[in-house]
Amino acid sequence: MKIKRILCLLHYDDDYEADVVHELKESVEVEEVRIFNYSQYFLAFGSSALEAEIERLLKDGSFDIALISSSRRHELRPEFLNVLRQYTRLVFMLLDEEIFMLAHSWFLAQTADAVLITDCYGRYFYEQLSIPNLLWESFYPESLYYPKPATKKKYDVSFVGVQNRGERLQYIQYLMDNGIEVARFGAGTAGGKLGKEEMIQVFRESKINLNFTGMYQEPWVLKEFPFQYRFRQHKGRPIEAAMSGSFCLTEYAADMKEIFTQGKEIDQFTDKTELLSKVRYYLNNEEKRETMAQAACKRALENYELSKNWRKKLAQLEQIFTENEHSRPVSIEIRKNRIYETTLASFYLTYALIALKHGKIKNTGELFSRLIRMNPLSIGRGIFHFIRYTLFKTKTR
């Protein structure tokens, strides 16, 4: 099977998934890459109109695959995605499975013909479901990141990103309390929020770029899966820093060793004391630090360059789809559970009220109609979920 035409179903126009899809459009020689923002269409025209439009786009069989970015919400129903299997192959891009897999994305991705996934170990869940999976380590364009010659280091230590997630603030404050100056960038910091090129320049000008692997977890997710507070996510930041030609010191994540070699290309810390010790060590050992940065840069350019990996992944997908062409079921049996039904009911209620607020009476009626056709227990749980986690949303680590 040859992939010539791709329909990209996106949730956002300005996030990483949108960036990589635009790079696909620019750098890979296929006949067509069409981008469709299903979240915007849902908000504007409602659920039934969204499904009708996507089916219209795919029904004639002209698109070889539908590349789907999961929104972690319910604009796309698994039952509808199952219908689409008769028209094309469904490929899901799953980038935050350490957070969302158990609570949401596996209900949608059960319909997948293949998944692209950043979670080095979560991919084996899809292996158990006999869903082909390709590791997407977080890829970036060489043309944007590759370092300019002899960039002068302006910062000893820097961190770019959301400051109040996980234990980031505690780590940074501990360094500062012990005499280490940390240049901070992001919303609410003195450095402010940076554009993409400004961020990359900070990477280049930093002796040590910090990366933190703790994640924001929705309170309701932790209630259902309390062990997830221990999960860590390797993030794309070490690859970005490496491709920029700079050294990265990262908080521990179990799958980081699948991305870079510790002690040769990158280093990790597990607590505040180790962080401080390693920051001091690498500030005082420039040759070691720069040797590791160069090794990481070489690996990043060879293994994690975006356009190169798009071509590679598409070739792998073509091989997968050719091999299973005669064994692929057109439809599958959809499975759901209490968690899915609860969040679905809460979603219907939330977006019915949003539609009502914006005067979209038809959309409101449609969503309320879908809500009242659900199981009464699911409706009750959904209302409780809406009140507790949407109206009175609280934050946790």
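Contact here means heavy atoms within 4.5 Å. The model on screen is predicted.

**First stop: α8 and α12.** Select helix α8 (residues 168-177) together with helix α12 (residues 272-284). Gln 170, Tyr 171, Tyr 174 and Leu 175 of α8 touch Lys 272, Thr 273, Leu 275, Leu 276 and Val 279 of α12. Sorted by class, the residues of this contact are 6 nonpolar, 2 polar and 1 charged. The axes lie 10 Å apart, at an angle of about 50 degrees, which makes α8 oblique to α12. The crossing of α8 past α12 is right-handed.

**Second stop: α15 and α16.** Move on to helix α15 (residues 338-357) and helix α16 (residues 361-372), whose axes are 8 Å apart and at about 160 degrees. An angle over 145 degrees counts as roughly antiparallel, so α15 is roughly antiparallel to α16. Here the crossing is left-handed. On the α15 side, show Ala 345, Tyr 348, Leu 349, Tyr 351, Ala 352, Leu 353, Ala 355 and Leu 356; facing them in α16 are Ile 361, Asn 363, Thr 364, Leu 367, Phe 368, Arg 370 and Leu 371. This contact comprises 12 nonpolar, 2 polar and 1 charged residues.

Select Ile 6, Leu 24, Leu 67, Trp 136 and Trp 310, the residues with the most contacts inside the largest nonpolar core, which has 52 residues. Helix α14 (residues 306-323) supplies the largest share of this core, 6 residues. Another core, of 49 residues, lies apart from it and includes Leu 102, Leu 108, Ala 112 and Tyr 348.

**Last stop: Ile 6.** Beyond its neighbours within four places in sequence, Ile 6 contacts Leu 24, Glu 32, Val 33, Arg 34, Phe 63, Ile 65, Leu 67 and Leu 314.

Key:
Residues are numbered from 1 along each chain as its sequence is written. This is a predicted model: local features need pLDDT of at least 70, side-chain atom pairs count only at pLDDT 80 or more; totals for chains, interfaces and linings use all residues. Side-chain values use heavy atoms; hydrogens and water are left out. A nonpolar core is a set of buried Ala, Val, Leu, Ile, Met, Phe, Trp, Tyr and Cys residues joined through side-chain atoms within 4.5 Å. Buried means under 20% relative accessible area, exposed over 50%, partly exposed in between (1.4 Å probe, protein chains only). Helices (H or I, at least four residues) and strands (E, at least two) are DSSP runs, numbered from the N terminus. Axes are lines fitted to C-alpha atoms, for helices over the stretch in contact, and angles run from 0 to 180 degrees between N-to-C directions. Angles under 35 degrees count as roughly parallel, over 145 as roughly antiparallel, 65 to 115 as roughly perpendicular and the rest as oblique. A crossing is left-handed if the near helix is turned anticlockwise from the far one by less than a right angle, and right-handed if clockwise. Ala, Val, Leu, Ile, Met, Phe, Trp, Tyr, Cys and Pro count as nonpolar, Asp, Glu, Lys and Arg as charged, and the others, Gly among them, as polar.
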